[in-house]
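Trainee: Please take one part of this model and go through it closely. I would like the aromatic side chains first, and then whatever else can be said about the surroundings.

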Amino acid sequence: PPQVSFTLELEFSCSILLDHAEVMLQATSDSTEATPEDNVVNLSIPIRYEPDLFLSSNTNLHRYEVHPLGTFTHSPGPEFTTTVKVQNFGCYPIQNVTLHMALPALGHRQATILSVTHVLADNATCVLQPPPEGTQVVPVPPEDLLHVDR
């Protein structure tokens, strides 16, 4: 039997959120058919909305002091604040968004180069936790700037 394929493109309104769409397709013909009952099909199609998330970050310090090897002190450096913002630019609500951030924490000779002192959260739940058991924390290697190609 002959077949016809076609594509439906549906647009949805931001003011009415649907979880499924109902579509009825009916084929008609001028010919006499032996099985006209199979010319109609009803479809229920689940709808999933694509998120439009935007991630941005900003910090209050934009320069970092680099000490020569062997002269690194263990006293804390200047405090800096980093702000991370997740924005939903779509018109559909987003639920259960999880953001994982890994911070470099060890430098030359296992020296701590970054430690989180406190976390402030607005409209979010933040959990500060160490790396999972068995995770190898790789130190940030020292750079020898005398041998950098110019």
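Mentor: Phe54 has a relative accessible area of 41%, so this residue falls between the 20% and 50% limits and counts as partly exposed. The model is a predicted one. The ring of Phe54 is paired with that of Phe89: the centres are 5.6 Å apart and the planes meet at 20°, which is under 30 degrees, so the pair is stacked.

By the rule applied here, the aromatic pairs number two. The other one joins Tyr49 and Tyr92, again stacked, with 4.1 Å from centre to centre and 25° between the planes. Tyr49 is in the loop between β2 and β3 (53-59), and Tyr92 is in the segment after β4 (82-88), so this pair ties together parts 43 residues apart in sequence. The two partners fall into separate accessibility classes: Tyr49, at 26% relative accessibility, is partly exposed, whereas Tyr92, at 18%, is buried because its value is under 20%.

Strand β3 also contains Thr59. Thr59 has a relative accessibility of 17% and is therefore buried, the limit being 20%. The side chain of Thr59 comes within reach of the backbone oxygen of Thr81, at a distance of 3.2 Å.

That leaves the second largest pocket. Its space amounts to about 320 Å³. Twelve residues line this pocket, and those closest to its centre are Pro2, Val4, Ala27, Asp38 and Asn39. Two strands, β1 (20-26) and β2 (40-46), each contribute at least two residues to the lining. By type, the lining comprises eight nonpolar residues, three polar ones and one charged one.

Val4, one of the residues closest to the pocket centre, is located in the segment before β1. With a relative accessible area of 75%, Val4 is over the 50% limit and so counts as exposed. Ala27 is also among the residues closest to the centre. Val4 and Ala27 are separated by 23 residues in sequence, and their C-alpha atoms are 9.9 Å apart in space.

Definitions and conventions. Residues are numbered from 1 along each chain as its sequence is written. This is a predicted model: local features need pLDDT of at least 70, side-chain atom pairs count only at pLDDT 80 or more; totals for chains, interfaces and linings use all residues. Side-chain values use heavy atoms; hydrogens and water are left out. On a 1 Å grid over the protein atoms alone, a cavity is a set of points where a 1.4 Å probe fits but cannot get out, and a pocket is an open set with protein on both sides within 12 Å along at least five of seven lines; lining residues have an atom within 4 Å of a point. Grid points are joined across faces, edges and corners, and a volume is the space filled by probe spheres set on the points. Helices (H or I, at least four residues) and strands (E, at least two) are DSSP runs, numbered from the N terminus. Ala, Val, Leu, Ile, Met, Phe, Trp, Tyr, Cys and Pro count as nonpolar, Asp, Glu, Lys and Arg as charged, and the others, Gly among them, as polar. Rings of Phe, Tyr and Trp (its six-membered ring) pair if their centres lie within 6.5 Å; planes under 30 degrees apart count as stacked, over 60 as edge-to-face and the rest as tilted. Buried means under 20% relative accessible area, exposed over 50%, partly exposed in between (1.4 Å probe, protein chains only). A polar contact is a pair of N or O atoms within 3.5 Å; within protein, one must be able to donate a hydrogen and the other to accept it, and residues adjacent in sequence count only if both atoms are side-chain atoms.
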